[in-house]
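The sequence and structure are shown first.

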Amino acid sequence: MLPECCCCFLLSYTRSISAKTQLMWPLYVLLNKILGTEEDNTEESGRDPLSLVESLLFKQLLGQDKFHGTVSGSYFVEVPHINQLHSWDCGLACVLMVLRTLGIKDCNMQELEELCCTRSIWTVDLAYLLQKFSVNFSYFTVTLGANPSFSVETFYKEQLPNDLVRVDMLFQKARDAGINIECRSISSEEISLLILSGDFLAIALVDQYKLRQSWLEDVCASDFFNDTPDYTGHYIVISGYDADADEFEIRDPANSRKYGRVTSKCLEKARKSFGTDEDLLLIRVEREETKSSNQDHGDDCIRQLL
């Protein structure tokens, strides 16, 4: 909890900053929100994995229908690139990238596979893996459990009948296991704001073909891409955002390139494809592991509050 004098100073300071810099959301509104509801939400102060202040930020960000104004600058988390070893273990590679970023070195792909106990990996399996390593994260999805309508997709058709009971059971036991699952959609705009806060990176489930197709459509004539192949599920790490270019930096375990970039439009299309349930694992990172090129003092105040 911030001392009253500190809160008053920050409130006054950020009012002057926001008037000059035209941030996407007024900083003084965020502080008013935090200060005005702090006492009303004391019973939530022990909730994990997100702190009370972070929870209020989520409510502020995710409760808006549209964002207005502009944000400049960029923020990138230093994430080591790790390639997947098989066609099915992209999610394990993403978890390993996250663990290495957090300084957890005493594990490898084989150990993660043994802990996971399946080669039909769902996002909830990755959530349990992160929990085993005491990672601070939240799981966002638009469907709580295995979505039976995905059985029409070739990608799911063979394994889905066998996975329905197992996956639903993992969802049911998640709360008791200390896993925070939120049933809500998050847009690319919202992800960009969270990345720019300097405290988060994410593991996202995407349609692999649409991720690559959308990128090609951005640089080539769209008439060349009229075919619509079946959904192909794939996990990537979202490690940074460049507001001026409106591009996300990603780590793709299926790509030999260590660094990759996709536009917000690209990512949104791939993340919200039928078959993904818009699954997103939002991971809290230590600020020492990050580097910023965003010099806006108003954003620095927000980072200090998180």
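## Basis of the description

A residue is called buried when its relative accessible area is under 20%, exposed when it is over 50%, and partly exposed in between, using a 1.4 Å probe and protein chains only. The model is predicted, so local features need pLDDT of at least 70 and side-chain atom pairs count only at pLDDT 80 or more, while totals for chains, interfaces and linings use all residues. Residues are numbered from 1 along each chain as its sequence is written, and side-chain values use heavy atoms, with hydrogens and water left out.

## Overall architecture

The protein chain contains twelve helices and nine strands; helices (H or I, at least four residues) and strands (E, at least two) are DSSP runs numbered from the N terminus. Of its 306 residues, 53% count as buried. The accessible surface comes to about 14,900 Å², of which 50% belongs to carbon and sulfur atoms; these areas come from the Shrake-Rupley method with a 1.4 Å probe, and for residues only the protein chains shown count as cover.

A contact requires heavy atoms within 4.5 Å. Among contacts between residues at least 6 apart in sequence, 73% join residues at least 24 apart.

## Nonpolar cores

A nonpolar core is a set of buried Ala, Val, Leu, Ile, Met, Phe, Trp, Tyr and Cys residues joined through side-chain atoms within 4.5 Å. The largest one has 48 residues, and L92, L126, I203, L281 and I283 have the most contacts inside it. Two or more residues come from each of α4 (90-101), α5 (109-116), α6 (123-132), β2 (137-141), α8 (160-174), β4 (200-207), β5 (233-242) and β8 (280-284). The greatest contribution is that of α4, with nine residues.

Apart from neighbours within four places in sequence, I283 touches V98, L102, L130, V135, N136, F137, D199, F200, L201, A202 and I203. A second, separate core of 24 residues includes A202, A204, V262 and L267.

## Helix packing around α6

Axes are lines fitted to C-alpha atoms, for helices over the stretch in contact, and angles run from 0 to 180 degrees between N-to-C directions. Helices α4 and α6 pack at about 30 degrees with their axes 10 Å apart. The pair is therefore roughly parallel, given that angles under 35 degrees count as roughly parallel, over 145 as roughly antiparallel, 65 to 115 as roughly perpendicular and the rest as oblique. G91, L92, V95 and V98 of α4 make this contact with L126, L129 and L130 of α6.

The axes of α5 and α6 come within 10 Å and cross at roughly 110 degrees, which means that α5 is roughly perpendicular to α6. Here L112, L115 and C116 of α5 meet D125, L129 and K132 of α6.

D125 lies in helix α6 and is buried, with a relative accessible area of 5%. Apart from neighbours within four places in sequence, D125 is in contact with C116, T118, S120, R166 and L170.

## Helix α9 and positive phi values

Helix α9 (residues 188-196) is mostly covered, with eight of its nine residues buried. Just after α9, G198 takes a positive phi of about 90 degrees.

Most residues other than glycine have a negative phi. S134, although not a glycine, has a positive phi of about 60 degrees; S134 is in the loop between α6 and β2 and is exposed at 67% relative accessibility. E278, also not a glycine, has a positive phi of about 55 degrees. E278 sits in the loop between α11 (264-271) and β8 and counts as buried at 15% relative accessibility.
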